[in-house]
Number of protein chains: 2
Amino acid sequence: MGLMRIDYKKELETAAKRMILVHDPDVLIKMIVRTIVHKVQVTHASILLHRPDDGSYRLTVSRGSLGLKIPIGLVRVEKENPLIYFFKQRNEQLLFNDRVIMYDQLRSLTRRKNTEPKLKELLGQVLHQMELFDSVVCVPSMFRDELFGILLLGQKSNGRLFCREELDFFIALASHVTMAIRNAQLFKELERQLDKKHQLFIRTTIAFAAAIEAKDHYTHGHTTRVTNLSLELARRLKRQDRRLFNDKFLEGLHVASLLHDIGKIGISEAILNKEGVLSDEERARIREHPLIGVAILKPINELEDSILGIKYHHERHDGSGYPEGLKGDDIPLMASIISVADSFDAMTSTRPYRPCLYKDHAVEEIRRLSGQQFNPLVAGALVELHQEGRL
Amino acid sequence: MGLMRIDYKKELETAAKRMILVHDPDVLIKMIVRTIVHKVQVTHASILLHRPDDGSYRLTVSRGSLGLKIPIGLVRVEKENPLIYFFKQRNEQLLFNDRVIMYDQLRSLTRRKNTEPKLKELLGQVLHQMELFDSVVCVPSMFRDELFGILLLGQKSNGRLFCREELDFFIALASHVTMAIRNAQLFKELERQLDKKHQLFIRTTIAFAAAIEAKDHYTHGHTTRVTNLSLELARRLKRQDRRLFNDKFLEGLHVASLLHDIGKIGISEAILNKEGVLSDEERARIREHPLIGVAILKPINELEDSILGIKYHHERHDGSGYPEGLKGDDIPLMASIISVADSFDAMTSTRPYRPCLYKDHAVEEIRRLSGQQFNPLVAGALVELHQEGRL
């Protein structure tokens, strides 16, 4: 409750600077009302902000230490509300002090004899709204002739009247607020679009993977299961190394596991769906699928990491895998993760040439081959998931 | 050259408000230097702005009507430049007036007896830089302890010294500038990411379409040609109706034409690559490809429009097509465009059962079937493209 003089010019500077880099409209509005309440020492401050979706206005409130209560239900104000209507009319002659309206001035206007009855009625309704909001000063925020919002201020905590300097501060602040919120909204919209576009990319990839998987009669649901398990393994490994298993890695792994068998599109249906034992030649043809996958995705620079995950998902830790016979740490981690998930799903699925294993047996088998076929780090993560009952 | 008093507070307000919604950093910087030159009437104003890529600073200049020339080669300033070094040191005791440096004050400091020789040397170098830039006042812009930029000001056009109010204006402006440019950069970065993500989606779609096309031995390059011609037709039609053939339509058409034959993945290779005449049953199976395509893409809500383009690209204007026998305007325009492009490419390609037509003949055939097989609007656009030699 200090009586210090406030340098409003400096406060405005600080507020404006902080505002511009806050890109969440809700955070921004809370920040602004809090600034007012603390700097100007009012009982409460609130902002009525335009909602583009339905044209109504939504209220955000911040209370000072002596704050009075605003009815809790009042969070949405219709565009027909007299207060909104009054500012929308923009009847210049009605407004005082750069469009600010003050309760006392408005009331004295309603009591003048020469005020028109119709105007008196409107002013009466506006005063009633201000009473409901417990507000003594209202400052409109305009954006290109549209009423973007209204700043509603309670009384000063010390009971005095607002001085000219304080009103100027509110007017300047309201103007900054408009721009800052508008900026934040644009920013949020762009982020929303980016997320949508990412979802579009992922969903399209899932659809293609599913369509290609449908060609292979024995692998129904395989892609989804391998993808889920790969991501689960990576999240598990992230506990040990947050830097290595970061968001970029997880995104790359997501795409790589969805598309690990994409190369099967280049292998004839006769071989893919053959019942009975494959000839050496047919087996060799099937072993080409990682490289066919690479050839399909090669033009997509952004998928560089995922492509390596696809290329090497049939390598083995001891160097006995294909296509290149890479060993140990030369095999990209992304490929080692897909390898474990792929093998686990193959073991626990029925294939034409053998029955499926129970999960316990499959985990045991992968643990046994840790360091031979499988990367020990990843095999260990699978064992842990199993122990936690998350397989 | 008026001698009107300038309301700097108001100018700052206006500038800050305009700045926040300009999201192209280059436009923003030009706007700011122009504002200074015109409002404060200086011979020239420029901004040295930090480049995150290589740590150097880039110069943007605006000249007043009496502007002096700054050497044209000086557009890039290394981070080792004495002026940059001086502000980066942030040696508070050296700086006057809220970090602003003024040529005259700096020079008098170099002439004082008690100034250290080492400091004298640095100040001499800074003065030399200010002379090169023909600047009498420099105002730094800081962002979180980083030197974000420097505002360089020439002399006042009327030859007088800058007053306190003008310096304050520059300081406040420099502070706003930092935030506004930072905001613009973040915005641009987000737009760049959005564009990149779109490219990723399109490239992935192209890769999948190509992989699926490779299964059909007779259609090498077909997808690319149909896509290019579809887009060319739509751009042509846009001249007649900009609202209908807008960016959203073109984007949807792009995806639809890339994926118009995606359903062929569900048809067996034996039928697709059969040499000789197809049986009725085989033909019926091939005719299922639009609906198989729909089934594959159905989970992707965002592709709604494209899916309709794929579904109906074998409908005919007179109702004799498939899968639903839609007629005339009931057929989505996107599908009608793909139909013309698809037919034109089929006619001008060699197929196992017939030789290809010359382009002239194919166009003539499509013109002949306008209103029967083809939408007259689209057929007309093809004829026009042909007449202009753009086929």
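Guide: A residue is called buried if 20 or more other C-beta atoms lie within 10 Å of its own, exposed if 12 or fewer do, and partly exposed in between, with C-beta atoms placed from the backbone. A nonpolar core is a set of buried Ala, Val, Leu, Ile, Met, Phe, Trp, Tyr and Cys residues joined through C-beta atoms within 7 Å.

Visitor: What kind of model is this, and how are its parts numbered?

Guide: This is a predicted model, in which local features need pLDDT of at least 70 and side-chain atom pairs count only at pLDDT 80 or more, while totals for chains, interfaces and linings use all residues. Residues are numbered from 1 along each chain as its sequence is written, chains are lettered from A, and ligands are numbered from 1 in the order in which they are written.

Visitor: Which residues of the largest nonpolar core touch the most other members?

Guide: In soluble globular proteins, nonpolar side chains tend to be buried together. Here the largest core has 101 residues, and the ones that touch the most other members are C138, L151 and F170 of chain A, and C138, L151 and F170 of chain B. Another core, of 86 residues, lies apart from it, with A209(A), A211(A), I366(A) and F249(B) among its members.

Visitor: What does C138(A) touch?

Guide: Two residues are in contact if their C-beta atoms, placed from the backbone, lie within 7 Å. Leaving out residues up to four places away in sequence, C138(A) touches V100(A), I101(A), M130(A), I150(A), L151(A) and L152(A).

Visitor: How do I read a pair of strands?

Guide: Helices (H or I, at least four residues) and strands (E, at least two) are DSSP runs, numbered from the N terminus. Two strands pair if DSSP finds at least two bridges between them. Take β5(B), residues 137-143, where 5 of the 7 residues are buried. Strand β4(B), residues 101-102, pairs with β5(B) in the antiparallel sense over 2 bridges, and I101(B) has C138(B) as its bridge partner.

Visitor: In which sense do β5(B) and β6(B) pair, and over how many bridges?

Guide: Their pairing is antiparallel, over 7 bridges. One of the bridges joins V139(B) to L151(B). The two strands form a hairpin with 2 residues between them, and R144(B) in the turn has a positive phi of about 45°.

Visitor: Is L153(B) buried or exposed, and why?

Guide: L153(B) counts as buried because it has 28 C-beta neighbours inside 10 Å. Its place is in β6(B), residues 146-153. Not counting residues up to four places away in sequence, L153(B) touches V42(B), A45(B), S135(B), V136(B), V137(B) and F170(B). By contrast, the C-alpha atoms of L153(B) and D305(B), 152 residues apart along the chain, are separated by 55 Å.

Visitor: How can I check the length of a helix?

Guide: The expected span of a helix is 1.5 Å times one less than its number of residues. Helix α8(B), residues 247-258, has 12 residues and so should span 16 Å; its end C-alpha atoms are 17 Å apart, which agrees.

Visitor: What do the buried residues of α8(B) pack against?

Guide: An α-helix has 3.6 residues a turn, so residues three or four places apart point the same way. In α8(B), the buried residues include F249(B), G252(B), V255(B) and A256(B). The buried residues of this helix pack against α6 (164-213), α7 (222-238), α12 (304-311) and α13 (333-347) of chain B.

Visitor: How many residues does each chain bring to the contact?

Guide: Chain A gives 39 residues and chain B gives 39 residues. On the side of chain A that touches chain B, α1 (8-20), α6 (164-213) and α11 (289-297) each supply at least two residues. Of these, α6(A) gives the most, with 23 residues. For classes, Ala, Val, Leu, Ile, Met, Phe, Trp, Tyr, Cys and Pro count as nonpolar, Asp, Glu, Lys and Arg as charged, and the others, Gly among them, as polar. By that scheme this side of chain A has 21 nonpolar, 9 polar and 9 charged residues.

Visitor: What are the domains of chain A?

Guide: Domain bounds come from an automatic or database domain assignment. Chain A is divided into domain 1 (8-188) and domain 2 (214-387). Their centres, taken over C-alpha atoms, are 60 Å apart.

Visitor: Where does the chain A backbone have a cis peptide bond?

Guide: The bond between Y322(A) and P323(A) is cis, with omega about 5°. P323(A) lies in the loop between α12 and α13 of chain A.
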